[in-house]
Amino acid sequence: MVKIPADLPVQVRDGMADSIGSGLRIAKEMKLPVSDLVRVHDAAAPAFVSGMQMAVVFGAVVVAIAAVVAWRYLPAREAGPVTEGEADRSVGHPDGGLHGRVETERLTIIAGD
C-alpha cells in the first residue's frame with residue numbers, strides 16, 4: 001500500500017490511488033514543484049520494490065517446484081536398446097500394454113515402461 005502524502009493536491013492523490021504513473025502525470029500537468037514530484041516518486045518506490053520482491057519470490061517458488069517435478073518424473077538417461085531376449089519376455093506383458101519390439105520392413109518400434 002502506498003502512503004500518499006496528505007498535503008498533495010486532491011487531483012494528484014486521486015491519481016496516485018489509481019496508479020503511480022497517473023499521479024506523476026497529473027502532478028507534472030499541474031506544474032507542481034520538483035519537490036512535490038520527488039515526494040510522489042518517493043511514496044511509490046517502496047510499493048514498487050515490495051511488489052517486485054513478492055513477484056521474484058513467487059517465481060522462485062514456481063521454478064523450485066518445477067525442478068523437483070522434473071527431477072522426480074523425468075528419466076535420468078535414455079533407455080538402452082532392447083535385446084532379443086528382453087523383447088521376447090516383455091511381449092504379452094500381464095498389464096496388457098504394448099511392450100517389446102515390433103518390426104516391419106522399414107520401421108522398428110520398441111515399446112515399454
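The legends below describe close-up views of a predicted model.

**View 1. The chain as a whole, with four helices and two strands.**
Read from the N terminus, the elements of this predicted model follow the order α-α-α-α-β-β. Of the 113 residues in the chain, 19% count as buried. Taking the contacts between residues at least 6 apart in sequence, 23% join residues that are at least 24 apart.

**View 2. The contact of helix α1 with helix α2.**
The axes of α1 and α2 come within 5 Å and cross at roughly 155 degrees. Because angles over 145 degrees count as roughly antiparallel, α1 and α2 are described as roughly antiparallel to each other. On the α1 side the contact is formed by Q11, V12, G15, M16 and D18, and on the α2 side by I20, S22, G23, I26 and A27. Sorted by class, these residues of the contact of α1 with α2 comprise five nonpolar, four polar and one charged.

**View 3. The contact of helix α2 with helix α3.**
Helix α2, residues 20-29, and helix α3, residues 34-73, have axes that come within 10 Å and cross at roughly 175 degrees. That angle makes α2 roughly antiparallel to α3. In this contact I20, L24, A27 and K28 of α2 meet L37, V40, H41 and A44 of α3, and by class the residues divide into six nonpolar, one polar and one charged. I20 and A27 of α2 also take part in the contact with α1.

**View 4. Helix α3, its span, its kink and its buried residues.**
With 40 residues, α3 reaches 57 Å from its first C-alpha to its last, which is close to the 58 Å expected at 1.5 Å a residue. A kink of about 25 degrees lies in α3 at A44, shortly before the proline P46. A44 is also one of the buried residues of this helix, together with D36, L37, V40 and A43, and what covers the buried residues of α3 includes α1, residues 10-18, and α2. Three of these buried residues, L37, V40 and A44, are among those that meet α2. An α-helix has 3.6 residues a turn, so residues three or four places apart point the same way.

**View 5. L8, in the segment before helix α1.**
L8 is buried, as its relative accessible area of 3% falls under the 20% cut-off. Not counting residues up to four places away in sequence, L8 touches R13, M16, D36, R39 and V40. Between L8 and V40, which are 32 residues apart along the chain, the C-alpha atoms are separated by 8.6 Å.

**View 6. R13, in helix α1.**
The relative accessible area of R13 is 26%, so this residue is partly exposed. With its neighbours within four places in sequence left aside, R13 is in contact with I4, P5, A6 and L8. The C-alpha atoms of R13 and A27, 14 residues apart along the chain, are separated by 9.3 Å.

**View 7. S19, in the loop between helices α1 and α2.**
S19 has a relative accessible area of 31% and is therefore partly exposed. A44 is the residue of α3 at which the kink of about 25 degrees lies.

Notes: Residues numbered from 1 in each chain as written. Predicted model: local features only at pLDDT ≥ 70, side-chain atom pairs only at ≥ 80, totals over all residues. Heavy atoms only, no water. Axes fitted to C-alpha atoms, helices over the stretch in contact; angles between N-to-C directions. Parallel < 35°, antiparallel > 145°, perpendicular 65-115°, else oblique. Contact = heavy atoms within 4.5 Å. Nonpolar A, V, L, I, M, F, W, Y, C, P; charged D, E, K, R; others polar. Expected span 1.5 Å × (residues − 1). Bend = angle between axes of the 7 residues up to and from the residue. Buried < 20%, exposed > 50% of the residue type's maximum accessible area, 1.4 Å probe, protein only.
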